[in-house]
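The sequence and the model come first, followed by notes grouped by topic.

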Amino acid sequence: MRSDITDVKGRDKMVVVKLREDGAVRRVYCTNCYSILGHVHALFNNNVFGSFVEHCVNSGDLTAPLSAILFMNDYPESIGPIPVENAPVFHSLRFPQEVDRLFSIAAVANSFKPPTEPTKGITMGALMESLGPPLVLNLEKGKDLLS
Ligand SMILES: [Zn+2]
């Protein structure tokens with residue numbers, strides 16, 4: 001969803017988290033109910049932020065159709081059934097060829113381009129920066145925490 005945040009409530013209950021010090025993704029969680037409110041990656045270019053629609057109340061425009069299914073190499077069968085939606089599947093973005101194929105999808109390229117108009121309010125990245133340094137969990141890469 002586009003990263004224009006015009007109002008923030010509950011700032012005192014938000015924490016920014018990274019899985020590891022060198023982690024590429026920052027997530028903001030609610031410390032009261034542990035909902036994930038959003039995440040950012042440098043790839044998002046401050047144009048969009050990631051939202052998990054079933055993890056918090058979201059009044060944003062979530063009508064964009066699914067364009068790609070990413071990081072299926074991190075999706076063990078124990079999580080649940082594999083996605084059946086008709087969208088290109090990417091197991092990883094390890095190889096430049098995968099990144100090129102991902103960005104050849106117009107909706108993906110459009111979402112991850114730098115903003116073309118001024119931000120209304122602040123971006124999710126700016127909100128995270130205003131919350132202070134991230135809590136780094138130092139989780140072991142690749143370790144399955146559910147088993
Ligand atoms: Zn909450």
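In S4, leucine 135 is the bridge partner of valine 17. Strands here, like helices, are DSSP runs numbered from the N terminus, a strand (E) having at least two residues and a helix (H or I) at least four. This is a predicted model, in which local features need pLDDT of at least 70 and side-chain atom pairs count only at pLDDT 80 or more, while totals for chains, interfaces and linings use all residues. Residues are numbered from 1 along each chain as its sequence is written.

**Sheet**

- Valine 17 also stands opposite arginine 27 in S2.
- Lysine 18 stands opposite valine 136 in S4.
- Strand S1 (residues 14-18) and S4 run parallel and are joined by two bridges; two strands count as paired if DSSP finds at least two bridges between them.
- The pairing of S1 with strand S2 (residues 25-30) is antiparallel and has four bridges.
- S1 and S2 form a hairpin, with six residues between them.
- The four strands make an open sheet in the order S3-S2-S1-S4, with mixed pairing.
- Strand S3 (36-41) and strand S4 (135-136) are at the edges with a single partner strand each, so one side of each has no neighbour in the sheet.
- Strands of a sheet pair through backbone hydrogen bonds, either parallel or antiparallel.

**Nonpolar core**

- The largest nonpolar core has 12 residues, among them Met14, Val16, Val28, Leu37, Phe44 and Met124.
- Such a core is a set of buried Ala, Val, Leu, Ile, Met, Phe, Trp, Tyr and Cys residues joined through C-beta atoms within 7 Å.
- A residue is buried if 20 or more other C-beta atoms lie within 10 Å of its own, exposed if 12 or fewer, and partly exposed in between, with C-beta atoms placed from the backbone.
- At least two residues of this core come from each of S1, S2, S3 and helix H3 (124-130).
- H3 gives the largest share, three residues.
- Valine 40 belongs to this core, and, leaving aside its neighbours within four places in sequence, valine 40 is in contact with Arg26, Phe49, Met124, Gly125 and Met128.
- Contact is defined by C-beta atoms, placed from the backbone, that lie within 7 Å.

**Loop residues**

- Aspartate 22 is in the loop between S1 and S2, and is exposed because 8 other C-beta atoms lie within 10 Å.
- Aspartate 22 and leucine 137 are 115 residues apart along the chain, and their C-alpha atoms are separated by 11 Å.
- Tyrosine 34, in the loop between S2 and S3, has a positive phi, near 65°.
- Tyrosine 34 is exposed, with 9 other C-beta atoms within 10 Å.
- Phenylalanine 71, in the loop between S3 and helix H1 (96-103), has a positive phi near 55°.
- Phenylalanine 71 counts as exposed because it has 11 C-beta neighbours inside 10 Å.
- Most residues other than glycine have a negative phi.

**Confidence**

- The protein chain has a mean pLDDT of 89, and 99% of its residues reach 70 or more; pLDDT is the predictor's confidence in each residue, from 0 to 100.
- Among the elements of the protein chain, S4 has the highest mean pLDDT (98) and helix H2 (residues 106-111) the lowest (91).

Technical notes
Contact = placed C-beta atoms within 7 Å.
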